Amino acid sequence: MAARRTRKGRTRSRAEREFVSEAEEIVERMRDDLLSLSEQQAAGADPDPDLVNQLFRAAHSLKGLSGMFGLDGMSELAHRLEDVLDRLRLGRVADPTGASALVEEAVALVASSLAGLGDDASTAATVGAISDLTGRIDAWLVLPTEAAGDAPDLAIDPTLLRALTEYEEHRLRHNVARGRYVHQIETCHDLQSFDAALSELGEAIKVDGELISTLPSAAGGDGSEIRFLLLAASDLDAPDLAAHLGLPESAVRCTGRSGDAAGEPAPAAGAAAPAVPAAEPAAAGRAPGDEVETLKSIGETVRVDIRKLDELMNLVGELMIQRRTLGALAQRLLADDQTTRVGAELDKVHKGLERKLQELQAGVLEVRMVPLRQIFEKLSRVVRRLRRDLDRAVKLEIRGADTELDKLIVEELVDPLVHVVRNAFDHAIEPPAEREAAGKPVEGTIRIEAYQRGNDVIVAVSDDGRGIDSERVHRKALERELVDPEQNLSPKEKLDLVFTPGLSTRDEVTETSGRGVGMDVVRANVTALGGLVGIESTPGQGTCLTMTLPITLAIVQALVVSVGAQRFAVPLSAVHETLFVAEEDLQRSRGGELLNLRGQALPVRRLAREFALPQTDPPDKMSLVVLGLGELRVGLLVDRLEGQQDAVIKPIQGPVADLRGIAGATELGDGEAVLVLDVAALVEDAGRLREAA
Amino acid sequence: MPSILVVEDSATMRSLLASALEELEPAVKITEASSGFEALRLLPRSSFDLIVTDINMPDVNGLELVSFVKNDPAYRSIPLIIVSTEGSERDREKGLGLGADAYVVKPFEPDRLRELASDLMARSRGQE
Amino acid sequence: MSAPTETPTGASWEELARSGAAQEAEAPAARRLELVTFELDGDPFAAPVAQVREIVRLRPITPVPRVPDAVRGVISLRGEIAQVLDLRRCLGLKPAVASRSSRIIVIHGEEGGVCGLLVDAVRDVLRIDEDETLAPPPGEGDLVVALCPRGDSFVSLLDLERVIELGLARTS
């Protein structure tokens with residue numbers, strides 16, 4: 001397994017990165033499913049078996065994953081989660097609501113564990129919580145379970161029976177207990193399209209029943225087809241089901257049905273449902289006023305590894321350099337009388353190329369952009385949960401979900417936005433009685449609006465709650481000695497004090513994912529993205545928080561190198577290879593130094609000399625980074641290779657405008673600025689010198 | 001070059017299995033499938049020398065895949081390793097009963113997986 | 001990640017900077033100046049609070065190649081990268097030597113950018129009426145805008161833009 005060590009000794013393998021991203025996705029899906037599950041339980045409905053099974057499989061994955069990475073605490077917890085969910089899906093639980101509550105708690109704990117990964121302090125805190133919860137789950141698990149029930153007496157094909165997993169066996173028993181017919185369905189499909197066809201069949205079966213198992217039985221005929229034997233339970237009898245599925249009657253064979261159609265044991269959850277506020281919308285479906293479409297409508301998106309996008313961006317960058325060279329050539333030809341006609345033709349082609357490249361660049365940039373819709377959906381989930389937990393009737397309005405932002409910025413915005421929305425919920429919106437007295441509609445409104453303005457995207461979160469009294473904020477800041485008492489502040493400045501670190505108290509309620517989030521962190525997060533946060537409020541009427549964000553951020557994979565004590569970042573996409581060289585390997589030539597690399601003469605530049613760096617002790621074996629841009633190659637000689645890292649290239653602000661050889665700077669996570677090399681400039685320089693020689 | 005089919009719906013687990021197998025000597029070619037359905041599609045396209053499959057997967061599960069492979073004359077000679085979780089002994093037994101040649105338990109030991117993989121592939125080569 | 005900003009009075013420089021900006025906007029009859037005072041080579045200087053975004057402690061400055069001597073390098077300010085100029089060098093004084101009192105004054109540059117200025121120490125905020133200030137002695141008019149009385153001595157109010165411009169042009 002390839003692993004890279006950064007200067008801080010962090011190992012970042014491909015699998016580890018995928019682990020974190022996958023684990024977080026798993027947790028998100030679990031939370032969503034748990035929400036739906038509790039809504040079903042509250043409405044007294046039969047829990048959707050797919051939902052429980054999804055949750056079980058998610059816990060199962062989490063267990064395996066965290067085990068592989070030595071996260072024993074998380075693995076233990078996921079193991080318990082799996083046990084509880086297994087019982088739940090196998091129908092062996094007398095108190096499903098109690099089970100769900102434990103599951104919810106465990107999932108929240110996993111989420112905060114993940115969030116605190118790498119941070120020793122918060123990991124220490126969650127370790128205790130984990131062992132406490134695992135203890136409680138263990139206690140719950142020893143409670144007597146519902147009996148598994150006898151194997152049903154049905155004429156099912158033994159090959160089908162033998163390939164049923166324990167879970168599928170339970171689903172079979174469950175359906176039999178419900179008095180459904182159990183059918184075997186034979187179908188034959190093309191290798192190209194069988195999954196689509198089976199999906200459709202599955203959906204059709206689900207209308208009045210359940211698809212329990214899918215067994216591929218044999219490749220048909222010339223190997224381009226595949227036969228399947230499906231085990232399905234349905235309220236419809238064989239001929240009706242065949243008609244419903246559009247299959248010939250011979251394809252559906254009924255294997256039996258339980259004699260006395262014993263009804264399903266009524267779920268106990270209904271009676272114990274907590275008091276629900278009057279404005280609570282129906283369990284399923286969208287509430288009026290929710291302008292957000294469900295996740296299922298995002299069918300046409302493709303998940304793209306953002307690193308591939310960066311490769312594309314870099315390719316476009318290289319193409320643009322080549323285009324510049326071409327343009328210069330065209331100019332030279334134009335200038336010379338003898339070649340001016342050819343020059344004119346070349347120039348025309350060059351201009352056309354320039355236009356196309358600009359389109360290409362714009363297109364690639366667009367792919368990095370994602371609509372804010374994704375975050376907005378998450379915010380809807382947050383609001384739904386909050387509506388449930390607190391006694392507040394609040395509706396969420398969303399405008400501009402289609403507004404697009406760089407994927408990375410979008411990902412970084414999630415936490416600050418969630419915090420702001422929670423804040424609005426917790427503190428801004430008044431209880432119904434207070435709102436009525438104030439002449440406001442009982443249902444509070446939180447509105448999130450996004451739109452593009454020039455080079456920025458504005459995201460505004462506003463509410464019609466009680467507003468913020470700037471005087472109170474000022475007083476609190478004075479109490480905490482965060483402000484000079486002699487200071488003459490305008491009301492706007494007093495209001496802005498909410499962003500002062502150390503001011504908020506109740507605002508920092510850690511109901512959120514275990515990370516202490518306060519308004520100061522919101523501002524810090526947004527500022528780190530190159531954006532701004534402002535706040536406006538009218539006491540009694542409401543508050544509006546506005547984030548102004550740049551549309552895009554550039555992130556690249558960088559190779560970190562060092563000369564002496566100073567580090568530099570080289571965009572990895574421009575690196576062809578790296579190797580060790582010793583002084584003896586280099587040859588002096590008229591243009592500079594050369595290295596014989598597999599028979600080719602590679603011009604070599606020493607970074608120390610290029611940048612006039614103070615040379616401390618160079619190691620005996622220096623490192624050579626072979627940079628390439630198009631056809632041009634140059635070897636950059638450095639002292640050491642420090643590893644690979646993701647880097648966000650930031651522009652260098654300041655009075656000196658043109659920094660030759662420097663493309664920008666980045667921070668590698670330890671507070672120090674690291675210069676990012678402008679590979680194009682280095683390569684072009686070397687190329688030119690070689691020509692001159 | 002021997003060719004291995006890895007069937008597992010969890011992306012991370014899949015890349016861990018692939019990484020572990022990639023270190024086999026001599027070098028092997030790994031093909032990844034993220035579901036039983038995908039495996040069914042990939043099987044006829046190349047000839048595999050080993051199949052490594054998870055059990056719990058949506059649509060066609062691992063047991064069903066084992067049953068299919070072992071019942072089809074075209075594929076039944078391909079050695080098959082099932083990857084299961086601790087605690088699913090019943091499913092594991094069923095897998096072995098259906099014809100799987102070996103199993104590893106998650107979290108798996110990469111060395112053990114590689115050992116099983118080489119042994120099974122060598123054995124099946126010897127039998128040809 | 002961010003270095004703590006500190007002032008002798010316990011308030012945050014940001015508040016002061018913002019209040020300074022607000023006061024300038026109000027433009028009352030007798031203009032009140034709010035200035036940050038600092039030291040370079042033992043001498044007191046000042047700059048308008050409105051121009052100051054924040055003041056941070058000295059932190060590792062990453063040198064940048066092929067720049068004028070006055071540019072010490074760049075620093076990271078919570079993710080933003082800013083050039084840092086040695087104000088001493090800009091004024092033709094001996095280069096700064098890092099000490100515990102050294103600070104970097106981050107000022108608002110043109111078009112919303114920022115720039116850092118390295119100084120020996122930051123003292124306090126001086127509030128005086130404009131009509132209390134004196135014109136600078138001839139010869140210093142370019143860089144020093146006014147002399148501001150403080151106690152029984154004077155603080156030189158600098159035209160930062162001009163200082164930076166000249167500083168970058170210096171070759172020695």
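Which residue of β2(B) does B:Leu5 stand opposite? To find out, begin with the sheet of chain B.

This is a predicted model, in which local features need pLDDT of at least 70 and side-chain atom pairs count only at pLDDT 80 or more, while totals for chains, interfaces and linings use all residues. Residues are numbered from 1 along each chain as its sequence is written, chains are lettered from A and ligands numbered from 1 in the order in which they are written, and side-chain values use heavy atoms, with hydrogens and water left out.

**Stop 1: the sheet of chain B**

Five of them form an open, parallel sheet in the order β2-β1-β3-β4-β5; two strands pair if DSSP finds at least two bridges between them. Strands β2 (29-33) and β5 (102-106) of chain B stand at the edges with a single partner strand each, so one side of each has no neighbour in the sheet. From one strand to the next, the twist averages 20°.

Next, select residues 3-7 of chain B, which make up strand β1; this strand and β2(B) pair in the parallel sense over five bridges. Here the opening question is settled: B:Leu5 stands opposite B:Thr31.

**Stop 2: a helix across the strands**

Select residues 89-98 of chain B, helix α4, which lies across β4 (80-85) and β5 of chain B and runs at about 170° to β4(B). Helices are DSSP runs of H or I with at least four residues. Axes are lines fitted to C-alpha atoms, for helices over the stretch in contact (heavy atoms within 4.5 Å), and angles run from 0 to 180 degrees between N-to-C directions.

**Stop 3: an aromatic cluster**

Now select A:Phe194, A:Phe228 and B:Phe37, which form one aromatic cluster. Rings of Phe, Tyr and Trp (its six-membered ring) pair if their centres lie within 6.5 Å; planes under 30 degrees apart count as stacked, over 60 as edge-to-face and the rest as tilted. The whole structure holds six aromatic pairs over all chains. The rings of A:Phe194 and B:Phe37 have centres 5.1 Å apart and planes at 85°, so the pair is edge-to-face. A:Phe194 lies in helix α8 of chain A and B:Phe37 in helix α2 of chain B, so this pair joins two chains.

**Stop 4: the interface**

Finally, display both chains: 35 residues of chain B are in contact with 38 residues of chain A.
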